[in-house]
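Here are a few quick notes on the charged pairs in this one. Have a look at the model, then go through the points below.

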Amino acid sequence: MNAPFRVVLILISVNIYSQSLTESFQSTSDRSDYIKMGSIVSTADLIPEFRSNKKVIVSPTILNLNKDNTIAPIIAAKIKISWNLSFTGRLATYATDNRTVQSFGWGLMFKPGNQEDSSPWKFSIDSGSYRSFQKITSSTLKTSIYRLISFKKYNLIIGYSNSSIKANDYSSSELKDKYSIKENISFISAGTMVNYRSIKVVPRILINSNMAVTSIEFQKQF
């Protein structure tokens, strides 16, 4: 199976709906954390490669939601539409408190400047959602900005993101009414790229006042 066909399969698979495997949430805190973690995972973007001429990037990522040590594996793919615009699709499956969820999302990344000159800035907009049958519907819109800082042979990629979440819980529990949430979550991020043979290894951390999220990404470019 050639690389472009694999990418097509990944992008098609982002339409999979999630299935929740457990009973209703027991507390508002449990439910709120579940929604927020789903938002973070469903909009996880690929850290940008500022100097790449490749057309396709396939990237498995391991995301650690340090608030309760939840591990979320993500599969993402990015396709270059033009010299300054790329499309990203992602699929993630993770478990927390005996619940499992499959989330999906897509995004666009824009590079300002001109084709001959590589800009140190990049901007992205990402949308993510998940649906657990008769339990949760959620959607997130995230905007991000990235800046490349080079020092000798080392590159640091810093960023800032802001996410707007809308979610509803329709499950039956002691919390009798439908629960709705509208919230903004912001993160400052920092990461770098290390070449290992034909793979780019990308460690990154995202932090705000309430939580820290770490990830390690493995990019294969074609």
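Are Arg90 and Asp126 buried or exposed?

1. Both Arg90 and Asp126 are buried (buried is under 20% relative accessible area, exposed over 50%, partly exposed in between, with a 1.4 Å probe and protein chains only). Bear in mind that this is a predicted model, where local features need pLDDT of at least 70, side-chain atom pairs count only at pLDDT 80 or more, and totals for chains, interfaces and linings use all residues. Residues are numbered from 1 along each chain as its sequence is written, and side-chain values use heavy atoms, leaving out hydrogens and water.

2. Arg90 and Asp126 form a salt bridge at 2.5 Å, N to O (a side-chain nitrogen of Lys or Arg within 4 Å of a carboxyl oxygen of Asp or Glu). Arg90 sits in strand 3 (residues 85-96) and Asp126 in strand 5 (residues 121-132), so the pair ties together parts 36 residues apart in sequence. Helices (H or I, at least four residues) and strands (E, at least two) are DSSP runs, numbered from the N terminus.

3. Searching the whole structure gives three salt bridges. Another one joins Asp45 to Lys142, with the closest N and O atoms 3.4 Å apart. Asp45 is in the loop between helix 2 (28-42) and strand 1 (56-65), and Lys142 is in strand 6 (residues 136-151), so this pair ties together parts that are 97 residues apart in sequence. Both Asp45 and Lys142 are buried.

4. Asp45 also meets Arg204 in a salt bridge (3.4 Å, N to O). Arg204 belongs to strand 10 (residues 199-207), 159 residues apart from Asp45.
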